[in-house]
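Colleague: I would like to learn how to read this structure feature by feature. Could you walk me through it?

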Amino acid sequence: MKTFNVPIIYRSPLISAIKQQRKQQDKMKKDFTPTRLEFGPLTILLARHFGFCYGVENAIEIAFRTVEENEGKRIFLLSEMIHNPQVNSDLLSRGVRFLMDTSGKQLIPWESLQPEDIVIIPAFGTTLEIEARLESLGIAPLKYNTTCPFVERVWNKAEQIGGKDYTVIVHGKPKHEETRATFSHSRSHTPTIVVKDMEQTHRLAAYIREEAPAEGFYEEFKGQYSEGFDVTKHLGRVGVVNQTTMLASETQAIADYVRQAIQEHYQLPDDRIAERFADTRDTLCYATNDNQTAVTGMLNVEADLAIVVGGYNSSNTSHLVELCEEKLPTYFISSEEKLISPKELLHYDFHNHEELRSSGYLPQKENITLLLTSGASCPDAIVEAVIRKLAGFFGLEHLVDETAAAWA
Ligand code: SF4
């Protein structure tokens, strides 16, 4: 896979050495057991896959190169480039400004843009409406485009099945930048609807099976379907794609549920299911899959707690947290600064959208085993800083350098 020129501040010699060696030993990516790092009484089990993915490295390389090559020009990002506070604040400190916040609220008016301004499209991609808006302002919308190719693959799939008269069901968070972009691209080809979870899928299936009165659909799915969507016509032939960072297992379960509803309602044998249900399995992003499978692999090992590192508004990180929470006390932190002491930490409760201060997160026992992973937009340097801080709580920070040397 292509390698990118990512600023050295985001790299970690320790993590790079570990990833390199694990890759050499397991070229086919079949081994999802974690890497064991020993710091006296503390054992850290590091997930087999975590951190920057292809799309994030690609976006960072383009954005930083654009800043370097365009001194004196005004540079804007449509919104946060990726959901990581450090990367975004590094770009802001280099003079880049955000046109919108992550929910799409305008921070800088469109009218203030000039044709010579540079506007970078983030890794999530953007809507066709925003592309048209930039064009109308004399700005080439795709000149500085960091949209991840794996997101574009979802758009292509939506276009392809839309061209065969399938309605597209997008499994995603309706307000997330990527889902808004995918919805926009998909609806330009075919009727499209967003479902955010299994609960909404059950409701949608009630309309597929014609069990729920059609009129209720428009209120129930308000803001989530394309203009002109006709619930009596557009749910009889469908395909499911996803926001690439959703839980892969949830997307699969949603696709299976919809498939079953269609199959039962139209009484289709297996060999005729394609008449009404499109196969879209090849749209899952490799990084989401690898990172989530690595968490499952890590959770097979006995441990006391899990720490997940990433931006609090990062969708893929919150799904890693969700997986860990099923088994262990789990703490979602954005950086090592949140580890106040061996007794206290600040961590994010993404269910209630609040940062909490908790004590007693490290158990009072002789030997502690801690699982550690990070989201696809989290620099490895932050994960190393977390490891250093934790080892430092035991007076063993020097062992981090020895560990890095051993892996190099
Ligand atoms: S998580 Fe996947 S789709 Fe999203 S930016 Fe990374 S590689 Fe691209």
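This is a predicted model: local features need pLDDT of at least 70, side-chain atom pairs count only at pLDDT 80 or more; totals for chains, interfaces and linings use all residues.

Colleague: In which sense do β1 and β2 pair, and over how many bridges?

Modeller: Strands of a sheet pair through backbone hydrogen bonds, either parallel or antiparallel. Here β1 (residues 35-39) and β2 (residues 42-46) pair in the antiparallel sense over five bridges. Strands and helices are DSSP runs numbered from the N terminus (strands are E, at least two residues; helices are H or I, at least four). Two strands pair if DSSP finds at least two bridges between them. Phe39 has Leu42 of β2 as its bridge partner, and Glu38 has Thr43 of β2. The hairpin has two residues between the strands, and Gly40 takes a positive phi near 60° there.

Colleague: Which strand pairs with β2 in the parallel sense?

Modeller: That is β13, and this parallel pairing runs over five bridges. Thr43 has Thr369 as its bridge partner in β13. Four of the five residues of β2 are buried, so β2 is largely enclosed by the rest of the structure.

Colleague: In what order do the strands of the open sheet stand?

Modeller: The order of the three strands is β7-β6-β8, with parallel pairing. β7 (192-195) and β8 (238-242) stand at the edges, each with a single partner strand, so one side of each is left without a neighbour in the sheet. On average, neighbouring strands of this sheet are turned by 25° against each other, direction ignored. β6 (residues 167-171) pairs with β8 in the parallel sense over five bridges, and His171 stands opposite Asn242 in β8. Helix α9 (residues 248-265) packs on the sheet and touches β6, β7 and β8, its direction making about 175° with that of β8. Axes are lines fitted to C-alpha atoms, for helices over the stretch in contact, and angles run from 0 to 180 degrees between N-to-C directions.

Colleague: At roughly what angle do the axes of α7 and α9 cross?

Modeller: Two packed helices are described by the angle between their axes and the distance between the axes. The axes of α7 (residues 198-208) and α9 cross at roughly 15° and come within 10 Å. That makes α7 roughly parallel to α9. Angles under 35 degrees count as roughly parallel, over 145 as roughly antiparallel, 65 to 115 as roughly perpendicular and the rest as oblique. In α7, Met198, Thr201, Ala205 and Ile208 meet residues of α9, among them Ala253, Tyr257 and Ala261. By class, this contact of α7 with α9 has nine nonpolar, two polar and one charged residues. Ala, Val, Leu, Ile, Met, Phe, Trp, Tyr, Cys and Pro count as nonpolar, Asp, Glu, Lys and Arg as charged, and the others, Gly among them, as polar. Residues are in contact if their C-beta atoms, placed from the backbone, lie within 7 Å.

Colleague: How far apart are the axes of α10 and α11?

Modeller: Helix α10 (residues 286-299) and helix α11 (residues 315-325) have axes 10 Å apart and pack at an angle of about 20°. That makes α10 roughly parallel to α11. The contact includes Thr288, Val295 and Leu299 of α10 and His319 and Leu323 of α11. By class, the contact of α10 with α11 has five nonpolar, six polar and no charged residues. Nine of the eleven residues of α11 are buried, so α11 is largely enclosed by the rest of the structure. Its buried residues pack against α10, β9 (305-309), β10 (330-333) and β13 (368-374).

Colleague: Is Thr146 buried or exposed?

Modeller: Thr146 counts as buried, with 23 C-beta neighbours inside 10 Å. This residue lies in the loop between α4 (128-136) and α5 (149-162). The C-alpha atoms of Thr146 and Ala123 are separated by 5.0 Å, although the two residues are 23 apart along the chain. Leaving aside neighbours within four places in sequence, Thr146 has contacts including Asn58, Ile62, Met81 and Pro122.

Key. Residues are numbered from 1 along each chain as its sequence is written. Two residues are in contact if their C-beta atoms, placed from the backbone, lie within 7 Å. A residue is buried if 20 or more other C-beta atoms lie within 10 Å of its own, exposed if 12 or fewer, and partly exposed in between; C-beta atoms are placed from the backbone.
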